[in-house]
Amino acid sequence: MSGSRAVFFLAVRDLKRDRKIFGLVIFLLIFSYINLTFFPAFLNGLSNTFQDEIVDTGTSHILLQPASGREYLDSVKNIQQKIELIPGVVATSTHIGGSASLAVDGATAGKKPGPATPVTSGLSLGAQVMGLTPSEDQYVTPISQRIVSGDWLSDDDTDKVVLGLYIAGERLEDKIGETTLFGTLMEGLGGVQPGDVVQATFTNGVVKNYKVKGIVHSEGFSFVSQTAYFTTKELEDVYGLHDQASSILVRLNDPENADKVKTFIIGLGIKQADILTWKEASNFAEGLSQTFGIVNVVTNIVGIVIVLATVSIVIFINTARKKRIIGVLKAIGLRESLVLRVFLVESLIFGVIGSLGGMAIMGILLSFFKASPIVLPIGLLTPVVGPDIFFGSAFIIIFISLFGGYFPSRLASRADIIDSLKVVE
Amino acid sequence: MIDLKDVWRIYDMGEVKVPALQGIDFTVKKGEFVSVMGRSGSGKSTLLHIAGVLDRQTKGSVRIEGTNVLTLTERQRTLFRLDKIGFVFQFYSLLPELTAVENVMLPQLIIGETREHAHKQAKKVMDLLEIGKRLNNYPHQLSGGEQQRVGIARALVNDPLILFADEPTASLDTTSAKIVIEAFRKLHEERGQTTIMITHEEALGREAERGVWLKDGKIEKEKRF
Ligand SMILES: Nc1ncnc2c1ncn2[C@@H]1O[C@H](COP(=O)(O)OP(=O)(O)OP(=O)(O)O)[C@@H](O)[C@H]1O
Ligand SMILES: [Mg+2]
């Protein structure tokens, strides 16, 4: 025997009667849904922004590196030519990496670029150096666009360097009244400017003076601001390299094709090289999401407890007010299990409408931010959620509405009939 | 139809035991209209609850149509009420969010009837009780007498064997009370409805076929009118 007609009928009518409470609960559920989804969406967006910058400036879409035990890739021109013929490849760029000690003091100031004797006083620091060919790199990385003062390198520059902002440093007098990224002054080389001369001592013992041509800076977690850039020509000379590189970066027209193109590159049979897609090369963003994920869990638990409490209080008040009517219904033959179901259906309706409303509003928010991303110092942030979080949160809202409604409903359905009938309103 | 033998109901209040019914023998035949009278606290409601399968006796036997209702599970008792018993309560028993006809339809929906069928049945009993014009009014739009007749219609819609009413007129003025009692009489006369009605007022109790007076949980006297 069914009583589901009566159950649904009673539940819907009951909710319709208390429109204000109904509206309030729905509002809270929608709010909770957004609470559950927006923070992860924001984090995803943040990871993407970070990852984009790392991929753009550090790894590009496919990265070729020397196999372990080797320092350089050989015959890079040939490799580049072959890779550039693969469909979907936009361009390739070689990078020569290394490290050097950079120094500046009164003695270097005004001195000419070129081979030099080491300076003994003043500021110095160890830095990552990178050699690239500006004319080919401009199609692969946006490093050249990160110039904040001076100019970017040209292919033939040999006595010039472009410094990352954290190497160049900042002068106190330039920074008065400003806060830097971490609230402190980046000392670096004490505020070197384009036109100044710095001295580089390479790990192989070569010492040379360079004229600073420009300063680059990126707000993201990339290495741009911590790297000193030279031309390929210059570093080949310094390290005594020929047609060799520490890495080859491959830019694609669609990053999602990385796996396919990687297979092609492997097919080329390049010896002594590791080939990584951007996903493999930059697992940084993943770690970031995991870290923030813990924060997320905490806020989610708070949100879930709020929903649980709200729904159970509302159902509790609702059933307490209806004690006599519940007694009457049971007296005329509504089984305990059906009384329970009436209130569970109400909880379910709360959950379903709340999560549908939440998904609708979240959808609107997401498309709004897609059209006009949030502007952060590190770049543009577009919140994104995967279907797992989008629908998973809806499921959570429905589940906790039911769960929150269950105990007060059961309490109400079990009340003694005679006691209930004695209630006078 | 209803057969109570030596029925006791003792409320166990821990230290004190309140004997609300003390050895009641009470029989109602099919088609009878019985009124139960007596002072406040004499045990009228308790008797009605036990005979109406809402409460269980402490001692004695209760048979309805031969069924020993004490042996039924809680679920079976609920189904028994739904199928065989109609209750009219003293006050405020209609669901305020439902219209008159929807209130009356409810027991039909609970037994699984379609809305159309339930509506048809509800209208039939409401016509009989002369409230067929107030189908779509909400309870708060009805007079006390009309509300009580909606309550009677709801008790009747599943065509119960027995109709129980606990002071159905107590919250009504004299005129409305008369109309409601008239309704019970009419049901009895036209449909042969077995009815047990509690009332404070002897004048109203006399409208029944037979009166039973309770005193201190015992039957004091019985009388045919
Ligand atoms: N749940 C209960 N617990 C303890 N005692 C109860 C309970 N219900 C009723 N009683 C007692 O049982 C006795 C009979 O009560 P009952 O409600 O049957 O009287 P009544 O004749 O219906 O009175 P009234 O005319 O006031 O409705 C009273 O003494 C009452 O106090
Ligand atoms: Mg009573």
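Ligand 1 sits in a site that is shared between chains, because residues from both chain A and chain B surround it. Keep in mind that this is a predicted model. It comes with an ipTM of 0.90 and a pTM of 0.75.

**Who lines the site**
- The shell around ligand 1 counts 14 residues, and the closest ones are Ser40(B), Gly41(B), Lys44(B), Ser45(B) and Thr46(B).

**Polar contacts to the ligand**
- Ser40(B) brings a polar side-chain atom to 2.5 Å from an oxygen atom of ligand 1.
- Ser42(B) uses its backbone instead: a polar atom there is 3.3 Å from an oxygen atom of ligand 1.
- With Glu167(B), it's the side chain again, where an N or O atom lies 3.5 Å from an oxygen atom of the ligand.
- On its own, ligand 1 has 640 Å² of accessible area, and the protein covers 69% of that.

**Which elements contribute**
- Two elements of chain B give two or more residues to the shell around ligand 1: strand S1 (2–13) and helix H1 (44–51).
- H1(B) gives the most, with three residues.

**The chains themselves**
- Chain B has an average pLDDT of 91, and 100% of its residues score at least 70.
- Chain A is assigned two domains: domain 1 is made of 3–53 plus 286–422, while domain 2 runs over 71–271.
- Going by C-alpha atoms, the centres of domain 1 and domain 2 of chain A are 53 Å apart.

Terms used
Residues numbered from 1 in each chain as written. Chains lettered and ligands numbered in written order. Predicted model: local features only at pLDDT ≥ 70, side-chain atom pairs only at ≥ 80, totals over all residues. Heavy atoms only, no water. Domains from an automatic or database assignment. pLDDT = per-residue confidence, 0-100. Near = heavy atom within 4 Å. Polar contact = N/O pair within 3.5 Å; in protein donor to acceptor, adjacent residues only side chain to side chain. Areas by Shrake-Rupley, 256 points an atom, 1.4 Å probe, with all protein chains shown as cover. Helix = DSSP H or I, 4+ residues; strand = E, 2+ residues; numbered from the N terminus.
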